[in-house]
Amino acid sequence: MADHDIPDHYLDGYATLLADASATGRRLTRDELDTRRALGEQAADAGYGLRALIAAHLAGARTNWPAGAVAPDSVMTAVEQAVDAFAEGYERAQRQAMRQEEAARREFIDDLLYGRSDMGQLAERAERFGLRLAYEHAVAVAEGEFAYDEGDAVARGVEQAMISRFGDRDFLLTTKDGRLVCVAPGHQDEILAFFAKQAYAATDGGHIAIGRPQPGPGGVVQSYEEALSTLELAERLEFHEPVLRSADLLVYPVLTRDRQAMADLVRSTLGPLQQARGGAQPLIDTLTAYFDSGCVAAEAARRLKLSVRALTYRLARIHKLTGADAADPVSRYTLQTAVIGARLLDWPNRPL
């Protein structure tokens, strides 16, 4: 709404207050101040700008300055009191509107990420926050050492950097369960890539996962859940890359889709390692380092801080106990899959 042509209604009783202050030298009463505050709230609700409203009050003071004022200082005090009370009411209304807007935004975000609302209504509400859910969207989630909320410096810093780069449309930045969350159009990967870069720096080396683009309002939920699952997967498998994409890790959900089958594979393939001195875990760690090193013994030994001879001895021990040779392509695939399963199922720390 334009700020010019402020209605006279917002100056009701103003001239009378000034005249009375000039004649008596008194200050405004509590009821008069409450009236000015109420008018300020009404002006804020109507959408008028505070600067224009204050300008109207100053212009009104010039126009209605009492002729031959006996106490000009009292008139100025009345102007100051009236304007201050009006501005207080205006700001109070704005704070209330902001709280209502924040509550509506939080409710929308919860419904969006959990898919709890009617999808048609959700799409309509989304446009208010700059999202068009008819198209594909992808979600990135960042977590760090601490929990974050929308009011803290980390979230504000990341949001400001993104607004400076992309403006305040086409993406939604928020927090959920202590994590930073960014929703962006699926075809604008540069937005999520930039978010990942900023979040990594702001969280002092946190982890970021990016879900796959998915269509429609329900697609945001899918992408969000993929990103969360990827973060959990990264923790289980001890991935150290700062940014992981769900699309690059689709083999792992496939492997764990049939949990019972994976548990059977782990039990039958790696179960014999429990007979080793020290249990199965050191030998599983040996296989993990060996496979992560591209089956290069020297590199695996370096990662484990062992001699190559000690690593070779461990691999031979694994072969003897399991009957599977990590150097044989067929056995290697079975062993590697079983090791992945053991890490996903947290075996042998948890029984299968």
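Because the model is predicted, local features need pLDDT of at least 70 and side-chain atom pairs count only at pLDDT 80 or more, while totals for chains, interfaces and linings use all residues. Residues are numbered from 1 along each chain as its sequence is written, and side-chain values use heavy atoms, with hydrogens and water left out.

Five strands form an open sheet with mixed pairing, in the order 2-3-1-4-5. Helices (H or I, at least four residues) and strands (E, at least two) are DSSP runs, numbered from the N terminus, and two strands pair if DSSP finds at least two bridges between them. At the edges lie strand 2 (172-176) and strand 5 (243-245), each pairing on one side only. From one strand to the next, the twist averages 20°; here and below, angles run from 0 to 180 degrees between N-to-C directions, and axes are lines fitted to C-alpha atoms, for helices over the stretch in contact.

Strand 4 (residues 207-210) takes part in two of these pairings. Four bridges join strand 4 to strand 1, and the two run antiparallel; the bridge partner of Ala140 in strand 4 is Ile210. With strand 5, strand 4 pairs in the parallel sense over three bridges, and Ile210 stands opposite Arg245 in strand 5. Helix 8 (residues 217-237) packs on the sheet, where it touches strand 1 (137-143), strand 2, strand 3 (179-185), strand 4 and strand 5. Contact here means heavy atoms within 4.5 Å. The direction of helix 8 makes about 35° with that of strand 1.

Helices also pack on one another. Two packed helices are described by the angle between their axes and the distance between the axes. Helix 6 and helix 7 pack at an angle of about 145°, with their axes 10 Å apart, and helix 6 passes helix 7 in a right-handed crossing. A crossing is left-handed if the near helix is turned anticlockwise from the far one by less than a right angle, and right-handed if clockwise. Helix 6 contributes Val154, Val158, Ala161, Met162, Arg165 and Phe166 to the contact, and helix 7 contributes Glu190, Ile191, Phe194, Phe195, Gln198, Ala199 and Ala202. These residues divide into ten nonpolar, one polar and two charged (Ala, Val, Leu, Ile, Met, Phe, Trp, Tyr, Cys and Pro count as nonpolar, Asp, Glu, Lys and Arg as charged, and the others, Gly among them, as polar).

Phe166 in helix 6 (residues 153-166) and Phe194 in helix 7 (residues 189-202) are 28 residues apart, so the pair links distant parts of the chain. Their ring centres are 5.5 Å apart and their planes stand at 85°, so the pair is edge-to-face. Asp204, in the loop between helix 7 and strand 4, has a positive phi of about 60° although it is not a glycine. A cis peptide bond joins Trp347 and Pro348, with omega about 15°, and Pro348 is found in the segment after helix 14 (329-344).

Technical notes: Rings of Phe, Tyr and Trp (its six-membered ring) pair if their centres lie within 6.5 Å; planes under 30 degrees apart count as stacked, over 60 as edge-to-face and the rest as tilted.
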